[in-house]
Amino acid sequence: MKDSISSCISQLQESIVSLEHGSCDINDVLKALGLDNAQMRSAQIIALMDMLSDGITPITPDLITSLLDIAEAQKKFFYCIGGLLDQGGAPVESRKETEPVCDTESREKLASAPDKYEQEMMAEMLAMTGEAPPEDEGWEKVESQSDFSPAETEQASEQTEDIESEPVAAAAKQIPDEEQSTTVQPTPAKKKDTQAISSIRVSTQQLDSLIELVGKLMVTYAVIAQTKTDNISKIASSLSELDKVIRNLQSEVDEIRLVPLKQIFMPMHRLVKSTSQKLDKRIKFTINGEELALDKTIVECLNEPLVHLLRNALDHGIESAEDRQMCGKDEMGNVSLNAFRKGEFAYIEISDDGKGLDADVLLSKAMERGLADPEKEYAKEEIYEFILQSGFSTASAVTDISGRGVGMDAVVTAIQNTLDGKVSISSELGKGSTFTIAIPLSRSVNEGIVDALVTTVGPETFIFPSREVLEVYEPVEKEFTDLPDGRETVSVRGKVHPLIRMYKVFDLPAPSEEVIPKVILVKMGDTVAAIMVDEVLRQQKAVVTGFTLPVNSIYKLPILGFGMMGEHDALVVDTETLIASYMEGDS
């Protein structure tokens, strides 16, 4: 039920945001919200509604925000109804006998002192939106799961604070005590990734193209199957055609996986509005480039970084209205979210016209925490990067918005380690700051068809995703160095890199002296490591599939899954996990 409600309201919100671009009719939105035939006693209000439906009233950001608020209120309304229905209705006789006439005083007492059922209902609603109930106020602890993305969770959790508890409490009083349960049982279904995109819209033209390519694939296979083995030239020609069809098919599938950034940009309107209200700041929020389409794996990983960066801009970047007036600025601060593509990289910028970054203050805070060397001179860009360190915060107090020092660290983890991207910061004191995320457009190696580097370690075959490989190098004995802590390094053209021996990681027999080992330089984020294998065989396409059993959770191996290459399969190495475990000292 929850998924159905969320899906319907999300489609409605998308239509509301489309009003700003003129791609949707206001009358359709009013009809969907139930406002087209709303009964109003005031002739002035009726006239206002008529002016809006006739196109006389302009579509402004404030109007769109108000319509989004109505849609969110409807979502909470349906959640409340769904929660009450799940508990069962009270008998008609008890309603008639126990239904009191609530005056103002009794209603205030009812709202201020929630009973056991109201606590359970509110806890369940908070669990639906992913927010933990405040235990210090007497709410019961709930273990549940959320199907919402971080941005949707943020917007829903902020909405929960604005809901009056009176209707829920009044309805809760009508439920007999014996029908109440003390805890909300978690759903037995398998927990989903809160950032995962569950569906993608595909045009009929793309489907027709896929069907056509599959038809060509079947015809080419039939030609190969019917060709006699002595006709080598015809078989070679058919195989060439088969390779062409497969490549076109892969290209079409890659196109289908593209998801517009609008899907995660749209909820940011509500995030900015709710956060600015909590901070008591007036914000003008603009979005550009939401039509840019990226692979769904990239879009899934962008939710959390954008939430942290926008909250950082609102809290630390934009000044209060009084401070902006003293600086000669407009009381309303400007925050923008821009997306664009250059070459093989996608760029996302979060800009504000606030106070900017004070390099001296940041350097002083970094020295206090031992992050900076007092003897070293840093450029401004290097000082700004201290913000991205774990535990670094310039907030004077810890709040639910900032001060914990975990936000920017999460951004770095998602962008650099997961997407192999980069976060850069530019700022001018007194004029504002810009955080830029640069992401390579290569597809994720966790699924699908990838370019693979096929290697051997002892009797086993391993696959390394080619997009993470810098080069293959054959070192000599003098280029190896042992460190005091037991680790090893290797020098590759004058640069020293940490060395990971694959046979030690997977507890395989050591190679014989006749084997000339090869090292594969792999880059993950800012780290470059050398992984030693016995032999590098070739580079080819491979189909990566996950395990049917939870192998990784049992054995904790740095393996993504199986790589199917034809007659033989091989294990696909998770280089990110492999390097991370080595840096932590587990190897």
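Biologist: Where is Asp280 found?

Modeller: Asp280 sits in the loop between helix 13 and strand 2. Helices and strands here are DSSP runs (H or I of at least four residues for helices, E of at least two for strands), numbered from the N terminus. This is a predicted model, in which local features need pLDDT of at least 70 and side-chain atom pairs count only at pLDDT 80 or more, while totals for chains, interfaces and linings use all residues. Residues are numbered from 1 along each chain as its sequence is written, and side-chain values use heavy atoms, with hydrogens and water left out.

Biologist: Why does Asp280 count as exposed?

Modeller: Its relative accessibility is 65%. Exposed means over 50% relative accessible area, buried means under 20%, and partly exposed lies in between (1.4 Å probe, protein chains only), so Asp280 is exposed.

Biologist: What makes the phi of Asp280 worth a look?

Modeller: Phi of Asp280 is near 60°, a positive value in a residue other than glycine. Most residues other than glycine have a negative phi. Asp507 is also not a glycine and has a positive phi of about 55°. Asp507 is placed in the loop between helix 19 and strand 14, and its 69% relative accessible area makes this residue exposed too.

Biologist: How do you know that the side chains of Asp69 and Lys273 meet in a salt bridge?

Modeller: The N to O distance is 3.5 Å. Asp69 in helix 4 (residues 61-87) and Lys273 in helix 13 (residues 268-279) are 204 residues apart, so the pair links distant parts of the chain. A salt bridge needs a side-chain nitrogen of Lys or Arg within 4 Å of a carboxyl oxygen of Asp or Glu, so this pair qualifies. By this rule the count comes to 21 salt bridges.

Biologist: Buried or exposed, or partly exposed: what do you call Asp69 and Lys273?

Modeller: Asp69 has 23% relative accessibility and Lys273 has 21%, so each falls in the in-between class and counts as partly exposed.

Biologist: What makes Lys262 and Glu291 a salt bridge?

Modeller: Their side chains meet at 3.1 Å, N to O. Lys262 lies in helix 12 (residues 262-265) and Glu291 in the loop between strand 2 (283-288) and strand 3 (293-295), so the bridge ties together parts that are 29 residues apart in sequence. Lys262 is buried, with 17% relative accessible area, whereas Glu291 is exposed, with 51%.

Biologist: And how far apart are the closest N and O atoms of Glu300 and Lys296?

Modeller: They are 3.1 Å apart, and the two residues form a salt bridge. Both lie in helix 14 (residues 296-317), four residues apart, about one turn of the helix. Glu300, at 12% relative accessible area, is buried, and Lys296 is buried at 14%. Elsewhere, salt bridges link Glu319, Arg324, Lys329 and Asp353 in a network.

Biologist: How many aromatic pairs does a search of the whole structure find?

Modeller: Five. In one of them, Phe345 and Tyr347 have ring centres 6.4 Å apart and planes at 35°. Rings of Phe, Tyr and Trp (its six-membered ring) pair if their centres lie within 6.5 Å; planes under 30 degrees apart count as stacked, over 60 as edge-to-face and the rest as tilted. The pair is therefore tilted. Phe345 is partly exposed at 36% relative accessible area, as is Tyr347 at 22%.

Biologist: Why is the pair of Phe462 and Phe506 described the way it is?

Modeller: The ring centres are 4.8 Å apart and the planes stand at 35°, so this pair is tilted. Phe462 in strand 9 (residues 460-465) and Phe506 in the loop between helix 19 (502-505) and strand 14 (518-524) are 44 residues apart, and the pair links distant parts of the chain. Both Phe462 and Phe506 are buried.

Biologist: Which residues do ring pairs link into a cluster?

Modeller: Phe340, Phe345 and Tyr347.
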